[in-house]
Amino acid sequence: MEFDFVRSVVPLAVIVAVATVGLTAVMAPSTVFMMVLPSMIAFSVVAYFLGMKHGEFRASP
């Protein structure tokens with residue numbers, strides 16, 4: 001299966017959205033949207049690009 005940008009980012013965005021909705025049931029929504037969501041997005045971006053570079057490294061001969 002070939003992974004392109006859309007097939008890689010959409011599941012990641014869905015996971016962040018589900019986690020955000022789940023956390024608003026437990027924590028105050030203002031805390032979730034102002035503190036937790038930006039950190040989840042930043043971590044997702046860093047992990048995505050590190051994983052992409054690692055995959056490129058592993059795929060090279």
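Colleague: Hi! Quick one to start: what separates Lys53 and Glu56 in helix H2?

Modeller: About one helical turn, because Lys53 and Glu56 are three residues apart in helix H2. Helices here are DSSP runs of H or I with at least four residues, numbered from the N terminus. Before we go on, this is a predicted model, where local features need pLDDT of at least 70 and side-chain atom pairs count only at pLDDT 80 or more, while totals for chains, interfaces and linings use all residues. Residues are numbered from 1 along each chain as its sequence is written, and side-chain values use heavy atoms, with hydrogens and water left out.

Colleague: Thanks. And what do the side chains of Lys53 and Glu56 meet in?

Modeller: They meet in a salt bridge, at 3.3 Å from N to O. The term stands for a side-chain nitrogen of Lys or Arg within 4 Å of a carboxyl oxygen of Asp or Glu. In general, side chains of opposite charge can pair when their charged atoms come close.

Colleague: How many salt bridges does that rule give?

Modeller: The count comes to one.

Colleague: Is Lys53 buried or exposed?

Modeller: Lys53 is exposed, because its relative accessible area is 51%. The cut-offs are under 20% for buried and over 50% for exposed, with partly exposed in between, using a 1.4 Å probe and protein chains only. Glu56, at 42%, counts as partly exposed.

Colleague: Okay, new topic. How many aromatic pairs does the structure hold?

Modeller: Two. Phe5 and Tyr48 form an edge-to-face pair, 6.2 Å centre to centre with 85° between the planes. That pair links distant parts of the chain, since Phe5 sits in helix H1 and Tyr48 in helix H2 (residues 29–59), 43 residues apart. Tyr48 also forms an edge-to-face pair with Phe49, at 5.2 Å centre to centre and 80° between the planes.

Colleague: What counts as a pair?

Modeller: Rings of Phe, Tyr and Trp (its six-membered ring) pair if their centres lie within 6.5 Å; planes under 30 degrees apart are stacked, over 60 edge-to-face, and the rest tilted. Put together, Phe5, Tyr48 and Phe49 form one aromatic cluster.

Colleague: And how accessible are Phe5, Tyr48 and Phe49?

Modeller: Phe5 is exposed at 55%, Tyr48 is buried at 19%, and Phe49 is partly exposed at 43%.

Colleague: What does Ser8 touch, leaving out residues up to four places away in sequence?

Modeller: Phe3 and Tyr48, where contact means heavy atoms within 4.5 Å. Ser8 lies in helix H1 and is partly exposed at 23%. The C-alpha atoms of Ser8 and Tyr48 are separated by 8.6 Å, although these residues are 40 residues apart along the chain.

Colleague: What about Thr20, buried or exposed?

Modeller: Thr20 is buried, because its relative accessibility is 7%. It belongs to helix H1 (residues 5–24). Leaving aside neighbours within four places in sequence, Thr20 contacts Val32, Phe33, Leu37 and Met40.

Colleague: And which backbone oxygen lies 2.7 Å from a polar atom of the Thr20 side chain?

Modeller: The one of Val16.

Colleague: Last one: what is Val36 in contact with, beyond its neighbours within four places?

Modeller: Leu23, Met27 and Thr31. Val36 is found in helix H2 and is buried, with a relative accessible area of 17%. If you want a distance along that stretch, the C-alpha atoms of Val36 and Met52, 16 residues apart in the chain, are separated by 24 Å.

Technical notes: Helix = DSSP H or I, 4+ residues; strand = E, 2+ residues; numbered from the N terminus. Polar contact = N/O pair within 3.5 Å; in protein donor to acceptor, adjacent residues only side chain to side chain.
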